[in-house]
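I set out to look up a few loop residues and to record their surroundings. The entries follow in the order in which I made them.

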Amino acid sequence: MKYDVAIIGGGHNGLVCACYLAEAGKRVIILERRSLVGGAAVTEEFHPGFRNSVASYTVSLLQPKIIRDLKLEAHGLEVVLRPYSNFLPFPAGAEGGAEGAGLRTGANLAETQAQFRRFSERDAERLPAYYDMLEEGASLLRDLLLEAPPNVGGGLADVLAAVKLGNRFRRRDRAAQRDILDLFTKSAGELLDDWFESEAVKAVFGFDAIVGNYASPYTPGSAYVLLHHVFGEVNGQAGQWGHAIGGMGAITQAMAREAEARGVTIRTDAPVGSVLVESGQAAGVVLTDGERIEAGAVAANVNPSLLFDRLVAPEHLPEDFRGRMRRYRNGSGSFRINVALRELPQFPSAPDDDPFGGSRSGIIMAPSLGYMERAYFDARRQGYASEPVVEMLIPSTVDDSLAPPGQHVASLFCQQFAPQPEEGWEALKDTAVEVIFDTVQRFAPNFRQSLLGYRALSPADLEAEFGLIGGDIFHGAMGLDQLFSARPVLGHGDYRMPVPGLYLCGSGTHPGGGVSGAPGHNAAQAMLKDLR
């Protein structure tokens, strides 16, 4: 049987793309290398009786339109809000704000301002204006998420799209235009130093600038990464973060059910070995076992480097494009550990009014921008941060399906770890795990004694298991040279690759990383224009 479209990779963007194509009447097959679909958004048992979101671990960027269009809630998806956004504890014995407590960003503006006043009256007063500034940038991003960026060098339609984009920017007043320019060009550290004086306040916001970003918070362009993490929403509440009941796999399994309901063929344990190109046109794929699957078009939900280094023969690509792809920047500096816990971690600096001791929020263990910068330069020097940045989430506090009664699972999302250290991750992995556990222990002194088991994923493990080249959770660095019309490379920002009939539908395209579904949605729209 010949399909209209073969999709390489059953991650969330591949599933989204397939659903929109099938709804339009196309015959679609998804080919997934692993034994289950979902890519990096899966839920698996990692210790007997303990399940967790293995790689991606929190919800915010998933687009409401996609949730509605794919009927995800009807397929069982339930997302609950974090009661508090973030909690910044201090190491045991260190001085915090008033009364020694860490900093918690509250469920509303007034509560967050009250928290900030413990550290700085000035910062509390400036907070509403800071949120307004971020919202200006986030609103512009939201306008652009579900459409292809103008393709530089394209035809009349791309010229008109560029004019439309310029008009969106010009409609904002001059102050807002300047703020947006700052967000797209400055470092997060420079931006936050301008706005706030408290190190704790700057740290709780600055963490978003290094999530999946192997860089210092003072690296130019890191303010955009901060912005990228705040344009989402949960249950209609902008800028919030949530948890999918059952873990991130609940999202992709709901997508898979809708894809199958629309007639999509999903094959697991079906690794693709190459893209089939005939007469200069993508004509299907060849699996690693030699099976040939013919299709009128191919969409790849994989890292651009994986696609063009391993799956497309070089003779089918222009020389300059091949060179650009060889220089495509990967590596988010991320290390993931899922841990099984006998009891909740106890943070001495947790607010007294929180019966869960801060554990129902994102727990950011990185007390200052300077701490974050030292972590990055440590990793550059020795492959791992001696004092890494660690975010802990404990989803079992809101989802009792993940752990036995009275026990808990936690996600440790850790920065900064070199994508490809000289010694190799096989040699450094155990050391990195111990450094991470030591860091958590400094903030929660009962952590090690409560530890029942864990599963650690180094950057090399993330690549081997999920195809995340260099462990890059975003399918490529999100610097200004790899964003919007230049993602993955200038001239191919419209999801159409140099081989006719070959498309890219993953996070290596606009609008980039995170579980948003937007790349899959946008790629499907581009394909439907072509596959008439």
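Which backbone nitrogen does the side chain of serine 198 reach? I found that it is the backbone nitrogen of alanine 200, at 3.3 Å. I note that the model is predicted.

**Serine 198.** I located serine 198 in the loop that joins helix 7 (188–195) to helix 8 (199–210). I then checked its accessibility: serine 198 has a relative accessible area of 8% and is therefore buried, the cut-off being under 20%. Setting aside neighbours within four places in sequence, I listed Phe119, Ser120 and Asp123 as the contacts of serine 198.

**Leucine 317.** I next turned to leucine 317, which sits in the loop between helix 11 (304–311) and helix 12 (319–326). Leucine 317 is buried, because its relative accessible area is 6%. With neighbours within four places in sequence left out, I recorded contacts of leucine 317 with Phe308, Val312, Arg322, Pro498 and Val499. I also looked up a C-alpha separation: leucine 317 and proline 459 are 142 residues apart along the chain, and their C-alpha atoms are 28 Å apart.

**Threonine 509.** I placed threonine 509 in the loop that runs between strand 20 (502–504) and helix 17 (518–530). A polar atom of the threonine 509 side chain lies 2.7 Å from the backbone oxygen of glycine 506. Not counting residues up to four places away in sequence, I found that threonine 509 touches Arg487, Tyr495, Leu504 and Pro519.

Terms used
Residues numbered from 1 in each chain as written. Predicted model: local features only at pLDDT ≥ 70, side-chain atom pairs only at ≥ 80, totals over all residues. Heavy atoms only, no water. Helix = DSSP H or I, 4+ residues; strand = E, 2+ residues; numbered from the N terminus. Polar contact = N/O pair within 3.5 Å; in protein donor to acceptor, adjacent residues only side chain to side chain. Contact = heavy atoms within 4.5 Å. Buried < 20%, exposed > 50% of the residue type's maximum accessible area, 1.4 Å probe, protein only.
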